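Hi everyone, thanks for coming. Please have the picture open while I talk, and stop me whenever you like.

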Amino acid sequence: MARRPRRVLPGLVVALVVAVGCAVGGVSEPGGQEPAPQRPGGPDSPGAGQTRADGTTSVEEFQQDVADAQAIAERYWAAQFQASGQRFRPIRRVIPYQRDGEVSCGGQPLPRNNAVYCSAGDFIAYDVNWSVGAFRQVGDAFVFYLLGHEYAHGIQTRLGIRYSYTIQQELQADCMAGAYLGDSVRSAALKLDDGDLEEFREGLLAVGDEPDQPWFAEGSHGTAEQRTEAFFRGYERSLAACDLT
Ligand SMILES: [Zn+2]
């Protein structure tokens with residue numbers, strides 16, 4: 001994705017990345033906290049060099065992808081806001097963290113193995129070890145998806161969008177992440193490499209709720225099928241498919 005061709009070793013992509021947590025301190029559940037996802041950074045995680053075919057597993061490459069994804073998201077949303085005559089304020093910061101409680105959102109310490117948009121402070125924060133683990137397992141496309149999804153929560157907040165159920169908020173964020181990525185590919189701001197679309201699918205499969213999770217439960221994000229459908233609806237048909245108005 002982006003500038004360097006990358007591949008994932010087929011068969012090594014495992015569903016250890018669960019539920020991209022989000023929206024702590026505002027969007028979906030003020031004062032609440034979503035369950036932490038399971039842990040690609042755990043002891044069973046493959047280490048560097050074991051996972052991806054092309055050796056692009058370094059933290060430096062991960063950081064570059066995060067920076068690229070943030071920059072492209074900012075440009076994308078600035079253009080969308082401008083087109084509708086609104087001023088755009090980029091999300092203030094993207095903050096990596098490593099330890100439980102190192103970063104707080106609205107007075108609530110953020111747990112490890114998570115990524116969130118914090119509306120109270122208007123920032124995205126992510127556990128860097130967890131995210132690098134997912135990057136190594138799924139591929140660089142996952143980083144662009146993750147940033148796109150959390151960035152979408154910031155856009156929902158700016159637009160005052162607040163659904164009754166978490167799952168609606170989450171599936172819309174997936175659709176918006178898809179639109180940001182699909183439109184960026186169409187405008188040539190982003191170039192996909194072979195395998196990137198497959199990486200999106202694998203990433204979305206991995207972040208789906210467990211089959212026994214009730215759709216109306218607090219913290220529900222949607223099944224793998226629902227999340228994949230929402231993401232690719234946005235990817236293929238842009239924001240018009242995301243019920244933003
Ligand atoms: Zn979310």
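I'll talk about aromatic rings to begin with, and then about a sheet and its helices. Keep in mind that this is a predicted model.

So, how many aromatic pairs does the structure hold? There are 14 of them. A pair like that is described by the distance of the ring centres and the angle of the planes. Let's take Phe-62 and Phe-135: their ring centres are 5.5 Å apart and their planes sit at 65°. Planes over 60 degrees apart count as edge-to-face, so that is what we call this pair. Are these two residues buried or exposed? Both Phe-62 and Phe-135 are buried. Now find them on the chain: Phe-62 belongs to helix 1, residues 59-83, and Phe-135 to helix 2, residues 128-138, so the pair ties together parts 73 residues apart in sequence.

There is also an aromatic cluster, made up of Phe-142, Tyr-145, Phe-200, Phe-231, Phe-232 and Tyr-235. Look at Phe-232 again: Arg-201 lies over the face of that ring, 4.2 Å from its centre.

Strand 1 pairs with strand 5, residues 123-127, in the parallel sense over 5 bridges. Tyr-97, for example, has Asp-127 in strand 5 as its bridge partner.

How values were computed: Residues numbered from 1 in each chain as written. Predicted model: local features only at pLDDT ≥ 70, side-chain atom pairs only at ≥ 80, totals over all residues. Heavy atoms only, no water. Phe/Tyr/Trp six-rings, centres within 6.5 Å; stacked < 30°, edge-to-face > 60°. Helix = DSSP H or I, 4+ residues; strand = E, 2+ residues; numbered from the N terminus. Buried < 20%, exposed > 50% of the residue type's maximum accessible area, 1.4 Å probe, protein only. Lys NZ or Arg CZ within 6 Å of the ring centre and 35° of its normal. Pairing = 2+ DSSP bridges.
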